[in-house]
Amino acid sequence: MSGDGRESEGGEEEVRGARRIPGPRGAADDLDLASVPLPPLPPPGGNAPDEAVPEQAAPKPERDGPEPPAAEAVPGPGPGPEAADGGAEAGSGPEPVPGPGAETADGSPKAGTGPEPVPGPGPEEGDGSPEARSPELFVSSAPVDLPHQVLKALLGAWALSACSAEETAAVEDHLTGCAPCADEALRLRDAVGLLHTDGSLDLDPTLRTRVLDGCFGRRPARIPVPEWAAPYDAETARLDALLRDIGDSEWHAPVRLQWFEEERQVSRRTTVAGVIGHLTAVDGLLSAALGLDDPLDGGEAPLDPTERTETYWSATRRPPTRAVREPWRAQSHELIRTASFAGRNVAETSVSYGAFALPLQDAALDRAFECWVHGGDIADAVDYPYPAPSAAHLHRMIDLAARMLPGALAGRRGAGLAGPAKDLVPAGAPGRSLHLEIEGHGGGDWYIALDSPAAVGAPERAVAQVALDGVEFCRLVAGHISPVEAAAGQEGDREAIRDVLFAAASLSRL
């Protein structure tokens, strides 16, 4: 260093000769695209393409004398002050000065060229003229002339559709002539396609069934699951898959169980673990019918589903946790295995529910229905997707409810909750009927006998018709919606329609 703070001459030579270390490479977002020069604007008065358009009017030449009269022509972009010699006569009004190339050698305008427009103020003066508009708006249809490196850096933003209109036009124009950039653009566009997916990451709930069907198609099971037990097998497997996915804390998530008693809707609060305990207690009725161990320890256990559930809950260590899953799972597997080995005759075994009884094949279908309904209650509590059963299984569940409706209607009539019978017929004869039309998933047509459970519903004796969606009808039977709220298409005898809808809701229980 010299005394004045500057480096010596030799030091300067050494620095010049040393290799420079390049600075950090800028990202695409750091580019100042506003500083990129734009192509020249088209001339306002028909100028030649190679002539630049002035940004503002040329200043008036200075004069020694007084200001010229108002009739004198305004200077334009043409020749200098000497062009004023050929101006218009006094009193003839101002005329525009011809532009470059429009005058003859002596300075007079060419014949037939007509007056040339005087260029207005530049864009900064904002007079509203086309020249005063933003240059970006004026040239939006033309691609911007950008360097290759800038265009290459814009490929990622172009693939994400994040470029402006000018940048997009420039990139696409560049891709037509640059093969490496075109290949890179295709790869980036394909990668962007992988970022957008509508598929759920959850496993398909029917995956287990499809895998088993494929396995059994190759090698059928030596002892297959009975057809009447297939819905129960499928619904317990779906619920078990849901329980396997939830966390420990979600077993204590609150669940509200709803059902109908007489004319009103009632509910009971419990937890996810409490719902599994309820299913275990009621499934014990099927275990007892098959000679298996009852989870309530047999002989003195009540038969009514509600009483069994209360007994099980009171005997369980509180609060119940995920430990209830394994006993319920083992019990359902044992039920299916025993029913499969027992043969065909076991399907008619009576299962008592206290106030009524069902054959084992219908009881298994009833348990499949309740497993699906309470699986939906749990799924709502933990925010989990839970679709309806397959169409074939849902159809069989609806069929069971339709077959139970005449008995439920007779019970309500005996309690004074339904209208009196109007046309009694012998057992097995066709009587007054309601046409129950179930639409959509698992749909079909059923005819419900109105006056006696021993009568047969017949189309020719139909006095009313009710149309319901399949899942909506199941929600009504489960007590999750009231008969008044059911979205039903109704036609015919209003009293018969009301009695059947309330009878459907009365099939629900805890």
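Begin by selecting Gly274, which counts as buried because its relative accessibility is 3%, under the 20% cut-off. The model on display is a predicted one. Colour residues 272-289 next: this is helix 9, and Gly274 lies within it.

Keep Gly274 selected and display its surroundings. Which residues is Gly274 in contact with, leaving aside its neighbours within four places in sequence? They are Trp313 and Pro320. For Pro320, draw a distance between C-alpha atoms: the separation from Gly274 is 6.6 Å, although the two residues are 46 residues apart along the chain.

Is Ser161 buried or exposed? Ser161 counts as exposed, because its relative accessibility of 64% is over 50%. Inspect the backbone here as well: phi of Ser161 is near 60°, a positive value in a residue that is not glycine.

Show helix 12 (360-382) and helix 13 (391-414); Asp383 is located in the loop between them. With a relative accessibility of 73%, Asp383 counts as exposed. What is the phi of Asp383 near? The value is near 55°, which is positive, and the residue is other than glycine.

Notes: Residues are numbered from 1 along each chain as its sequence is written. This is a predicted model: local features need pLDDT of at least 70, side-chain atom pairs count only at pLDDT 80 or more; totals for chains, interfaces and linings use all residues. Side-chain values use heavy atoms; hydrogens and water are left out. Buried means under 20% relative accessible area, exposed over 50%, partly exposed in between (1.4 Å probe, protein chains only). Helices (H or I, at least four residues) and strands (E, at least two) are DSSP runs, numbered from the N terminus. Contact means heavy atoms within 4.5 Å.
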